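This report goes through the fold, the strand pairing and a few individual residues in turn. Please keep the sequence and the coordinates open while reading.

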Amino acid sequence: MQVAMIKQSIPFSCPVCGHKTDYPIKRMVEGAIINCPFCKLNLKLHGHMWQDVQREIEKLRGKG
Ligand SMILES: [Zn+2]
C-alpha cells in the first residue's frame with residue numbers, strides 16, 4: 001500500500017542570515033511577508049525569490 005506524503009510546508013532560506021525555516025505553503029503567496037525568526041527580517045516574497053518558491057510548491061504538488 002502506498003501512502004501519499006503531502007508536505008504542507010516548504011523550506012525557505014533567509015537571504016540575510018542563511019537560516020532555513022519551514023513555512024506553510026498556504027502562506028507562500030506572491031507579495032506575502034516572510035518573517036525570519038533568526039534575524040527578524042521582514043521580507044516580501046516577489047521577483048526571483050517568489051519564482052523559486054513557486055517552483056518548490058509545484059514540485060510538491062506534482063508529486064501529490
Ligand atoms: Zn534571517
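## Terms and model

Two strands are said to pair if DSSP finds at least two bridges between them. Helices (H or I, at least four residues) and strands (E, at least two) are DSSP runs, numbered from the N terminus.

The model is predicted: local features need pLDDT of at least 70, side-chain atom pairs count only at pLDDT 80 or more, and totals for chains, interfaces and linings use all residues. Numbering starts from 1 along each chain as its sequence is written.

## Confidence

The predictor's confidence in each residue is given by pLDDT, on a scale from 0 to 100. For the protein the mean pLDDT is 88, and 86% of the residues reach 70 or more. Helix H1 (residues 47-63) has the lowest confidence, with a mean of 88, while S4 has the highest, at 94.

## Overall fold

The protein contains 1 helix and 4 strands, and their order along the sequence is β-β-β-β-α.

Burial is judged by counting other C-beta atoms within 10 Å of a residue's own, with C-beta atoms placed from the backbone: 20 or more is buried, 12 or fewer is exposed, and anything in between is partly exposed. By this count, buried residues make up 3% of the 64 residues in the protein. Contact means that the C-beta atoms of two residues, placed from the backbone, lie within 7 Å. Of the contacts between residues at least 6 apart in sequence, 26% join residues at least 24 apart.

Strand S1 (residues 9-13) and S2 run antiparallel and are joined by 5 bridges.

His 19 is in the loop between S1 and S2. Its 13 C-beta neighbours inside 10 Å are why His 19 counts as partly exposed. Leaving aside neighbours within four places in sequence, the contacts of His 19 are Cys 14, Cys 36 and Phe 38. His 19 and Phe 38 are 19 residues apart in sequence, with a C-alpha to C-alpha separation of 7.1 Å.

Ile 33 belongs to strand S3. Ile 33 has 9 other C-beta atoms within 10 Å and is therefore exposed. Not counting residues up to four places away in sequence, Ile 33 touches Asn 42 and Lys 44. Between Ile 33 and Lys 44 the C-alpha to C-alpha distance is 4.6 Å, for a sequence separation of 11 residues.

Leu 43 is placed in strand S4. With 15 C-beta neighbours inside 10 Å, Leu 43 is classed as partly exposed. When residues up to four places away in sequence are not counted, Leu 43 touches Ile 34 and Cys 36. The C-alpha atoms of Leu 43 and Val 16 are 9.9 Å apart, and the two residues are 27 residues apart along the chain.

Which residue other than glycine has a phi near 65°? That residue is Lys 40, and the value is positive. Most residues other than glycine have a negative phi. Lys 40 is located in the loop between strand S3 (33-35) and strand S4 (42-44).

Is Lys 40 buried or exposed? Lys 40 is exposed because there are 9 other C-beta atoms within 10 Å. Lys 40 and Cys 17 are 23 residues apart along the chain, and their C-alpha atoms are separated by 9.7 Å.
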